[in-house]
Amino acid sequence: MRALWLPGVLRDAGLTVVEHAGWRTRGSELRAIHGVVCHHTATSARTSDSAVARLLIVGRADLKGPLCQLGLRRSGVFDVITSGRGSHNGFGRWGNDSIGIEAYNDGVGEPWRPVQVDAYQRGCAAICRHLRLSASFVQGHKETDPRRKIDPAGIDMHAFRARVTDLLKPTPPPAAVPPRRILRPGSSGPEVVWIQACLAIIHNRWQQVPDPGPTDGEYGPKTAAAVLAVEKMHNAFLTAFTPDAPRHQQDGVATVATQDAITWWAQQAGK
């Protein structure tokens with residue numbers, strides 16, 4: 001098994017990702033993915049991001065790389081190291097059949113940057129959502145291997161998991177009267193804001209619906225692509241459960257019927 005979905009899942013969550021050459025085939029395959037293990041790299045802030053990423057790829061004299069699936073820079077950018085197993089939790093619960101995230105921090109008192117912690121939590125939530133795991137499956141290395149490890153030092157994992165739990169909660173549909181005019185690329189206004197908000201809720205629950213982009217009231221290509229994905233998803237649902245019902249056009253245009261479908265799927269996502 002390989003976690004080839006990692007970059008897409010993180011990007012869908014609005015995170016910035018750098019894929020390092022060879023990540024798709026680097027290392028042996030995972031036998032399973034039991035959870036997410038959080039670490040710090042124990043590298044100085046003076047060490048360049050590229051040097052830390054290289055360390056995670058190649059490994060150390062005493063531990064062959066890759067050392068994890070993901071690195072996390074102080075800026076909140078994720079480095080994708082491998083889709084396979086990483087040598088990050090060999091003696092801990094779950095072993096190396098887990099997703100390891102090595103956050104760039106010296107581990108001896110360096111303050112954690114809010115942008116990095118925010119990305120850490122959002123990345124863990126995105127992975128858990130994809131794997132259909134609760135936040136309880138996000139553990140610090142100091143929790144999976146408490147007799148040997150202290151990382152990620154300085155992070156309260158209980159508070160960390162509480163934030164991941166909040167991020168995993170479905171967002172209720174916006175309280176507003178749904179628009180009734182046809183919306184299409186080039187449309188703008190509060191009606192588009194409402195549709196984008198609903199699409200964002202759907203995207204967070206069903207990732208085959210792409211990110212509709214910012215909730216800015218401008219019906220652009222990302223919004224149209226998300227509308228098209230909901231049209232396809234709704235038609236597949238109708239085919240399976242109500243084969244006699246009329247189908248929606250699959251053109252990325254939010255007709256009144258399509259708006260009703262988007263409203264319904266956003267409500268289902270909130271349940």
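Reply: A residue is buried when its relative accessible area is under 20%, exposed when the area is over 50%, and partly exposed in between. The model under discussion is predicted.

Me: Is Arg181 buried, partly exposed or exposed?

Reply: The relative accessible area of Arg181 is 36%.

Me: With which residue does the side chain of Arg181 meet in a salt bridge?

Reply: Arg181 lies in the loop between α5 and α6 (190–205), and its partner lies in helix α6, so the pair ties together parts that are 10 residues apart in sequence. The salt bridge, at 3.1 Å from N to O, joins Arg181 to Glu191.

Me: How many residues apart in sequence are the parts tied together by Arg163 and Asp118?

Reply: The side chains of Arg163 and Asp118 meet in a salt bridge of 3.1 Å, N to O. Arg163 is in helix α5 and Asp118 in helix α3, so the bridge ties together parts of the chain that are 45 residues apart.

Me: Are Arg163 and Asp118 buried, partly exposed or exposed?

Reply: Arg163 has a relative accessible area of 28%, and Asp118 has a relative accessibility of 25%. Buried would require a value under 20%, and exposed a value over 50%. Arg163 is therefore partly exposed, and Asp118 likewise counts as partly exposed.

Me: Which residues are linked with Arg11 in a network of salt bridges?

Reply: Side chains of opposite charge can pair when their charged atoms come close. The side chain of Arg11 meets that of Glu19 in a salt bridge of 2.8 Å, N to O. Arg11 counts as partly exposed at 37% relative accessibility, as does Glu19 at 31%. The network links Arg11 with Glu19 and Arg24.

Me: What is the count of salt bridges?

Reply: The pairs of Arg11 with Glu19, Arg163 with Asp118 and Arg181 with Glu191 are salt bridges. The count of salt bridges comes to 12.

Me: Is Arg161 buried or exposed, and which residues is it in contact with?

Reply: Arg161 has its place in helix α5. Its relative accessible area is 11%, and it is therefore buried. Leaving aside neighbours within four places in sequence, Arg161 is in contact with Ala135, Ser136, Val138, Gln139 and Glu143.

Me: Which element supplies the largest share of the largest nonpolar core?

Reply: This core has 35 residues, of which Ile101 and Tyr120 touch the most other members. At least two of its residues come from each of α1 (6–12), β2, β5 (70–72), β6 (78–80), β7 (99–103), α3 (114–131) and α5 (157–168). The largest share, eight residues, comes from α3.

Me: Which residues does Pro185 touch, not counting residues up to four places away in sequence?

Reply: Pro185 lies in the loop between α5 and α6. With residues up to four places away left out, Pro185 touches Tyr219, Ala224 and Gly252.

Me: Which residues lie nearest the centre of the largest pocket?

Reply: The largest pocket has a volume of about 510 Å³. Its lining comprises eight nonpolar, 11 polar and seven charged residues, and β2 (36–40) and α2 (49–58) each supply at least two residues of it. Of the 26 lining residues, those nearest the centre are Arg60, Leu63, His88, His141 and Lys149.

Me: Where is Leu67 found, and is it buried or exposed?

Reply: Leu67 is found in the loop between β4 (63–64) and β5. Its contacts beyond four places in sequence include Arg60 and His88. With a relative accessibility of 4%, Leu67 counts as buried.

Technical notes: Residues are numbered from 1 along each chain as its sequence is written. This is a predicted model: local features need pLDDT of at least 70, side-chain atom pairs count only at pLDDT 80 or more; totals for chains, interfaces and linings use all residues. Side-chain values use heavy atoms; hydrogens and water are left out. On a 1 Å grid over the protein atoms alone, a cavity is a set of points where a 1.4 Å probe fits but cannot get out, and a pocket is an open set with protein on both sides within 12 Å along at least five of seven lines; lining residues have an atom within 4 Å of a point. Grid points are joined across faces, edges and corners, and a volume is the space filled by probe spheres set on the points. Helices (H or I, at least four residues) and strands (E, at least two) are DSSP runs, numbered from the N terminus. Ala, Val, Leu, Ile, Met, Phe, Trp, Tyr, Cys and Pro count as nonpolar, Asp, Glu, Lys and Arg as charged, and the others, Gly among them, as polar. A nonpolar core is a set of buried Ala, Val, Leu, Ile, Met, Phe, Trp, Tyr and Cys residues joined through side-chain atoms within 4.5 Å. Buried means under 20% relative accessible area, exposed over 50%, partly exposed in between (1.4 Å probe, protein chains only). A salt bridge is a side-chain nitrogen of Lys or Arg within 4 Å of a carboxyl oxygen of Asp or Glu. Contact means heavy atoms within 4.5 Å.
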